[in-house]
Amino acid sequence: MTPSYDNTYTMKERNVLIIGGGPAGMEAAHQLKQLGFNPIIVERNDKLGGHLAQWDRLFPTSETAEGLLERLKENIKDVEVRLNSRITNIEKNAETFHVTLSNNKNFDVDAVVICTGFDLFNAEKKQEYGYGIYDRVITNAELEEYFKTHNDKRIDEPQRIGFVHCVGSRDIKVNNTYCSKVCCATALKQACEIKDEFPDADVYCFYMDLRMFGKGYEDLYLKAQKDFDIKCVRGRVCEVSENIEGKLVIKAEDTLLGTPMKMTLDLLVLMCGMEKSKGADEIQKMLNIESNKDGFIENLGAFVGMNKTKEKGVFVAGACTSPKTLPDTIAEARSTAMEVYHYLCNN
Amino acid sequence: MIVEGKQKIWADYQKDIPDDHYYYVRSCIRQSFFPASEVTFLDITRNKLGKDFYENPYHTTCGGIAYHSDSIPQETAMTIIARQFALMHESGYENYVCSCITSFGCYTETLETWHEFPELEAKIRQYLWDSCKKEFAKPKYLAHSSDIIYKFRNEIAAKAKYKLVNAKTGKPLKVVEHIGCHYAKMFPSKGFGGAEYPHVLVGMIEAWGGEVVDYPERRHCCGFGFRQYFVQANRGYSMSNTYKKFESMEPYEPDLIITNCPGCPYFLDRWQYVIAEQTGKTYGKNGYGIPALTYEEVAGLVLGYNPWDLGLQMHQVAIEPLLDKMGIEYDPKAKYKGVNNKDLGTPENPVNIKLM
Amino acid sequence: MIDFGFSISKSSHIQMDDVDLKTFKKLEALNPDINTCMSCGLCTATCSAGNFTDVSFRKIILMLQRGKDKEALQKVKRCMMCGKCMMICSRGINTRNILLSITRLYNEEEK
């Protein structure tokens with residue numbers, strides 16, 4: 001049956017709870033508002049943007065994260081946003097959900113969109129890399145912070161810099177066998193950026209495969225090789241230590257040559273992958289939604305059901321179901337808004 | 001180096017060690033390599049710390065060397081271990097403490113394998129019954145003897161006569177710690193501090209006043225590797241691993257190496273002689289090597305045991321520079337005197353590394 | 001010195017700290033496309049000489065980047081300059097010019 005959507009209700013009276021105010025949540029809210037619903041974003045932090053708000057520039061175009069964030073924010077300036085708020089309870093009634101927040105405010109919604117996103121992998125778990133032990137081992141997020149503030153004592157005219165891809169991804173030892181999708185492109189973007197700042201430095205990327213799948217990503221790879229002289233070494237770093245001068249000594253295999261190699265570095269950047277945000281656990285418990293084998297939220301199928309969960313009226317968007325790039329996330333948020341629209345019009 | 005980062009890991013990798021009543025099993029090679037280490041361990045724990053340690057005279061090798069050099073299958077090794085457990089059970093103990101790292105690895109591996117494959121445990125139970133008419137009970141706790149010294153390191157420090165400190169300058173001695181591979185590399189959760197930053201020897205060094213040296217090849221194997229050493233043609237490979245470690249630790253000018261494995265101190269000690277005689281290079285000052293001691297020997301020195309009673313004359317590398325630094329009094333003439341002043345003979349003098 | 005019947009083996013590790021890349025930098029300056037190689041192996045698969053000898057263009061580049069100059073030059077000698085690798089390279093690398101530059105630069109170095 002083709003829905004006519006010649007409805008008698010007022011869409012404005014239909015509330016949609018958006019859990020998480022990152023790119024997915026903001027874009028889903030924007031689209032739902034456009035469709036005439038009343039989205040309510042609940043965000044546990046004191047500002048919108050999620051990880052995007054921590055980032056400096058975006059691959060592959062190098063446009064600023066701030067620019068995108070401002071555009072996403074601009075789109076939702078009429079949307080109800082509750083910052084510094086945690087959801088303490090969600091109770092499903094016949095067709096609605098009763099939502100209680102940490103400040104005891106409560107309200108009813110007709111649908112829920114989970115946009116809880118991801119946490120960066122905790123690099124301390126890969127003990128062999130010595131993050132938190134060796135001073136000059138930093139994460140991709142910390143380097144991004146440096147690009148924003150230029151304030152990090154550990155980055156002091158480095159002459160040789162290494163990037164380790166797949167930290168916490170494709171690694172059964174940390175129980176993450178999946179690819180985090182964004183790290184290859186991020187590594188090459190950051191490698192070019194740091195080379196730009198320290199043109200005399202040698203910059204090495206230690207990768208296993210360079211997964212440059214998106215629009216413009218392969219161009220970024222070529223640019224990194226050709227214009228920035230980024231040296232890509234196929235092989236994972238197995239061990240980091242510190243020498244008497246406090247510099248890092250790393251070991252890896254150059255697998256294309258079949259030879260182990262060692263080098264001294266002034267800075268090592270760990271490309272931490274994605275894990276499901278821990279904040280999603282409580283939400284999943286409230287809504288009776290399970291995790292998949294990778295620990296992310298289980299959605300309904302890989303092709304057309306990706307916006308839905310097994311619970312009626314509960315939808316998902318963004319990296320809460322699997323690692324995603326920003327274009328993927330935004331596209332998915334839009335398609336989720338469309339699914340919510342169909343659901344509410346048929347109810 | 002951010003010490004707090006290591007401390008965090010150390011706090012994560014702790015394990016329960018019971019306070020008393022242990023069943024002790026020896027190593028098959030340590031008694032000839034470091035003849036006083038196990039005796040000293042028992043003397044410290046029994047007489048200085050007042051602990052109950054029981055030894056059953058019928059216990060044997062764990063079979064680890066044969067297992068690791070591929071001369072016996074795992075099931076045979078497991079049956080030997082089952083017999084050791086049976087002896088513990090017969091003696092009325094349940095806290096099993098072994099002196100050897102290879103054994104510790106074999107026991108851990110066996111217990112974990114039985115846990116994952118109970119049918120294999122049942123099979124071994126049958127093998128043990130068929131061969132020895134014995135039944136075993138698995139230990140409640142399994143520990144390496146370095147875990148015990150680690151546990152009581154502060155008690156030992158409280159009774160210490162000497163510290164790992166240069167008596168003249170008052171500065172802490174620089175100490176390299178070397179952990180046997182099979183202590184935690186196979187099962188990181190079974191070792192104090194885990195596998196990447198083990199705390200078991202670091203804890204002793206710090207408690208006894210020394211300063212730990214963390215050098216780039218710290219995690220590298222000593223090179224013993226069973227087959228690598230046993231086959232003469234492979235010995236160069238075994239020695240090259242030790243060489244790599246010494247080259248890496250050299251800039252730190254360590255005063256002492258402390259180890260918890262049978263093979264490591266032996267090879268870290270003896271290869272210094274071979275390296276010196278082959279290349280002319282020594283790693284200590286003034287033509288000396290760097291002493292590589294067992295943790296029991298170091299505990300013994302700290303507690304004021306006579307260095308010659310600790311068997312330190314059995315090391316290739318001269319111990320005297322370390323004794324002088326620590327301010328330990330000793331009789332140089334008694335170095336090669338055994339029990340009742342028996343003359344042990346004096347070793348030949350190497351060309352490139354000093355013996356006394 | 002005593003002969004024990006065994007001796008210290010040389011480490012197979014490439015110690016990048018000790019690698020002198022001066023000549024390679026000159027080569028890079030002359031041939032900026034050299035760094036765009038992604039080791040797909042087309043050059044080696046199609047190589048006329050590679051069927052009979054161990055010449056491999058991608059490995060030559062890699063070896064020069066890792067300071068294994070001697071081994072690389074040994075391989076270069078096997079090249080027959082037929083041009084198939086240049087024809088097929090999916091990154092469009094001017095392999096011919098690079099091989100000629102290597103011969104010139106690294107031989108100068110030897111003199």
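Mentor: Let's start inside chain A, with strand β10 (residues 160-167): seven of its eight residues are buried, so β10(A) is largely enclosed by the rest of the structure. Buried here means that 20 or more other C-beta atoms lie within 10 Å of a residue's own, while 12 or fewer makes it exposed and anything in between partly exposed, with the C-beta atoms placed from the backbone. Strands and helices are DSSP runs numbered from the N terminus: E for strands, at least two residues, and H or I for helices, at least four.

Before we go on, keep in mind that this is a predicted model, where local features need pLDDT of at least 70, side-chain atom pairs count only at pLDDT 80 or more, and totals for chains, interfaces and linings use all residues. Residues are numbered from 1 along each chain as its sequence is written, and chains are lettered from A and ligands numbered from 1 in the order in which they are written.

Back to β10(A). Five bridges join it to strand β11 (residues 202-207) of chain A, and the two run parallel; strands count as paired if DSSP finds at least two bridges between them. Within this pairing, Phe163(A) stands opposite Cys205(A) of β11(A).

Now for the helices of chain A. Two packed helices are described by the angle between their axes and the distance between the axes. Helix α4 (residues 183-197) of chain A packs with α5(A) at an angle of about 35°, their axes 10 Å apart. The axes are lines fitted to C-alpha atoms, for helices over the stretch in contact, and angles run from 0 to 180 degrees between N-to-C directions. This crossing of α4(A) and α5(A) is left-handed, that is, the near helix is turned anticlockwise from the far one by less than a right angle (clockwise would be right-handed). On the α4(A) side the contact is made by Ala185(A), Leu188(A), Lys189(A), Ala191(A) and Cys192(A), and on the α5(A) side by Tyr217(A), Leu220(A), Tyr221(A), Lys223(A) and Ala224(A). Two residues are in contact if their C-beta atoms, placed from the backbone, lie within 7 Å. By class, this contact has eight nonpolar, no polar and two charged residues. Ala, Val, Leu, Ile, Met, Phe, Trp, Tyr, Cys and Pro count as nonpolar, Asp, Glu, Lys and Arg as charged, and the others, Gly among them, as polar.

Another helix pair is α1 (residues 23-34) with α2 (residues 65-75) of chain A, packed at an angle of about 35° with axes 8 Å apart. The crossing of α1(A) and α2(A) is left-handed. Here Pro23(A), Met26(A), Glu27(A) and His30(A) of α1(A) meet Leu72(A), Lys73(A) and Asn75(A) of α2(A). That contact has three nonpolar, two polar and two charged residues.

One bridge partner to look for is Gln15(C) in β1(C), paired with Lys262(A).
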